[in-house]
Amino acid sequence: MTNKSVIQTENAPQAIGTYSQAVKAGDTVYLSGQIPLVPETMEVVPGDFSAKTRQVFDNLKAVCEAAGGELKDIVKLNIYMTDLANFATVNEIMATYFQEPYPARAAVGVAALPKGVPIEMEAVMVLS
């Protein structure tokens, strides 16, 4: 595919595996899963679930901006949580990062996530 490019920014955590932060194909950007790592230290942000969730949104925002977009350009958001009891907290925090119309979304309970974190998010963004 000739119109495929890798998105990379120092404002989001570096990949901790064999993947890119995001890949742009045409006007669509596929953002890899972000966990609550602080980009400068690559350590999990201290604090409660809310602090970790905000860090994930901040990381997604940085990758969106590196690709030439914004959070509002996300059309699909997948959220993975190790405890679905945090669902309401995610909704509350998400409302501070997004305005209607909200992206399509899935929220999935999982057994475990990298580095023992409680939340991870991946997204698809379309640039206009």
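Helices (H or I, at least four residues) and strands (E, at least two) are DSSP runs, numbered from the N terminus. By that definition the protein chain has 2 helices and 6 strands, arranged along the sequence as β-β-β-α-β-α-β-β. The model is predicted, so local features need pLDDT of at least 70 and side-chain atom pairs count only at pLDDT 80 or more, while totals for chains, interfaces and linings use all residues. Residues are numbered from 1 along each chain as its sequence is written, and side-chain values use heavy atoms, with hydrogens and water left out.

**Overall form and surface**

- The radius of gyration of the protein chain, taken over C-alpha atoms, is 14 Å, which agrees with the value near 14 Å for a compact globule of 128 residues; the globule rule is 2.2 Å times the number of residues to the power 0.38.
- The C-alpha trace spans about 40 × 35 × 25 Å along its principal axes.
- Of the 128 residues, 41% are buried (under 20% relative accessible area, with exposed over 50% and partly exposed in between; 1.4 Å probe, protein chains only).
- Among contacts (heavy atoms within 4.5 Å) with a separation of 6 or more, 67% join residues 24 or more positions apart.
- The accessible surface, from the Shrake-Rupley method with a 1.4 Å probe, comes to about 6,800 Å², and carbon and sulfur atoms hold 50% of this area.
- The chain carries 9 positive and 14 negative side chains, with the centres of the two sets 3 Å apart; Lys and Arg count as positive and Asp and Glu as negative, without His and the chain ends, and each charge is placed at NZ of Lys, CZ of Arg, CG of Asp or CD of Glu.

**Aromatic cluster**

- The whole structure contains 2 aromatic pairs (rings of Phe, Tyr and Trp, the last by its six-membered ring, with centres within 6.5 Å; planes under 30 degrees apart are stacked, over 60 edge-to-face and the rest tilted).
- Phenylalanine 57 and tyrosine 97 are stacked, because their ring centres lie 4.8 Å apart and their planes meet at 25°.
- This pair links distant parts of the chain, with phenylalanine 57 in helix α1 (residues 49-66) and tyrosine 97 in helix α2 (residues 87-97), 40 residues apart.
- Phenylalanine 57 has 0% relative accessibility and therefore counts as buried, whereas tyrosine 97, at 22%, counts as partly exposed.
- Phenylalanine 57 also pairs edge-to-face with phenylalanine 98, at 6.0 Å centre to centre and 70° between the planes.
- Phenylalanine 98 lies in the loop between α2 and β5 (104-109), 41 residues from phenylalanine 57, and both of these residues are buried.
- Phe57, Tyr97 and Phe98 form one aromatic cluster.

**Surroundings of lysine 76**

- Lysine 76 belongs to strand β4 (residues 74-81) and is partly exposed, with 27% relative accessibility.
- Beyond its neighbours within four places in sequence, lysine 76 contacts Pro103, Ala104, Arg105, Ala106, Glu122, Ala123 and Val124.
- Glutamate 122 is 46 residues from lysine 76 in sequence, and their C-alpha atoms are 8.5 Å apart.

**Backbone features in loops**

- The peptide bond from glutamate 100 to proline 101 is cis, with omega near 0°, and proline 101 lies in the loop between α2 and β5.
- Methionine 42, in the loop between β3 (28-34) and α1, has a positive phi near 60° although this residue is other than glycine; its relative accessible area of 23% makes it partly exposed.
- Lysine 115, in the loop between β5 and β6 (119-126), likewise has a positive phi near 60°, and at 53% relative accessibility lysine 115 counts as exposed.
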